[in-house]
Amino acid sequence: MRKSFLKYLTVIIGFYFLSLGVDLFIKSSLGATPISCVNYILSLHTPLTLGMATFVFNLTLIVIEFALIRGIGTRRDKVEILLQLPFSLILGLFMDLNMWLLSDFTVTTYTGAVMMMLAGCLVQALGVVLELKPNVAIMSAEGVVKYSARRFGKEFGKTKVAFDVTLVTTAAILSFVLSGHIEGLREGTVVAAFCTGLLVTLYIRYIFTPDRIRHMMALCRAK
């Protein structure tokens, strides 16, 4: 019971850092991350906050997931998808909380913007690791990639790239339709696409190693 509690707590902490990383990217003004660019555009041109737009977007992805597993999904798959509902709500709340905490924080130089963007990279990657390591749930974006790869018999990595490209393209079209020009897509979007996965790999390989995780779990049980 305690072990399960720690796993879910780790996932929730991961969501907090994930949302903080996304918000740091946006506050840097150097572009939103691929996974948040559609949500960001919606928040700019609708009454929805970034957190609300994120929740609505995730609900859409959950519907897509159920369509993808139709006829091939297991009971475990369905439970995994349904778990994304409360987690999506938590992530959306964290998005708005961090945007509020960062509301008075602005950068006035390009160097400062780059530093904030890089901080966003590090924090977002940490959030992804904490979300994935307990192996209790995945977010809807990863779920769409996972079930698309299974449905169409493609590799996860290639499907992930195609999914990110689709998100960025959708955000660009949506932005142009709503504002007449491209918003939220800049060099930071490209940096996030290339660096987040690399940083996740480095975190797992050198920091969140199996031995260190077992040691931390042993310490928690001892207390």
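This is a predicted model: local features need pLDDT of at least 70, side-chain atom pairs count only at pLDDT 80 or more; totals for chains, interfaces and linings use all residues.
A residue is termed buried when its relative accessible area is under 20%, exposed when over 50%, and partly exposed in between (1.4 Å probe, protein chains only). Residues are numbered from 1 along each chain as its sequence is written, and side-chain values use heavy atoms, with hydrogens and water left out.

Four salt bridges are present in the structure, a salt bridge being a side-chain nitrogen of Lys or Arg within 4 Å of a carboxyl oxygen of Asp or Glu. One of them joins the side chains of Glu80 and Lys146, with an N to O distance of 3.0 Å. This pair connects distant parts of the chain, as Glu80 belongs to helix α4 (residues 75–82) and Lys146 to helix α7 (residues 140–152), 66 residues apart. Helices (H or I, at least four residues) are DSSP runs, numbered from the N terminus. Glu80 is buried at 13% relative accessible area, while Lys146 is partly exposed at 28%.

The closest N and O atoms of Lys160 and Asp164 are 3.4 Å apart. Lys160 is partly exposed, with a relative accessibility of 27%, and Asp164 is buried, at 14%.

Arg186 and Glu187 also form a salt bridge, with 3.2 Å between the closest N and O atoms. Arg186 is partly exposed at 39% relative accessible area, and Glu187 is likewise partly exposed at 30%.

Technical notes:
Helices (H or I, at least four residues) and strands (E, at least two) are DSSP runs, numbered from the N terminus.
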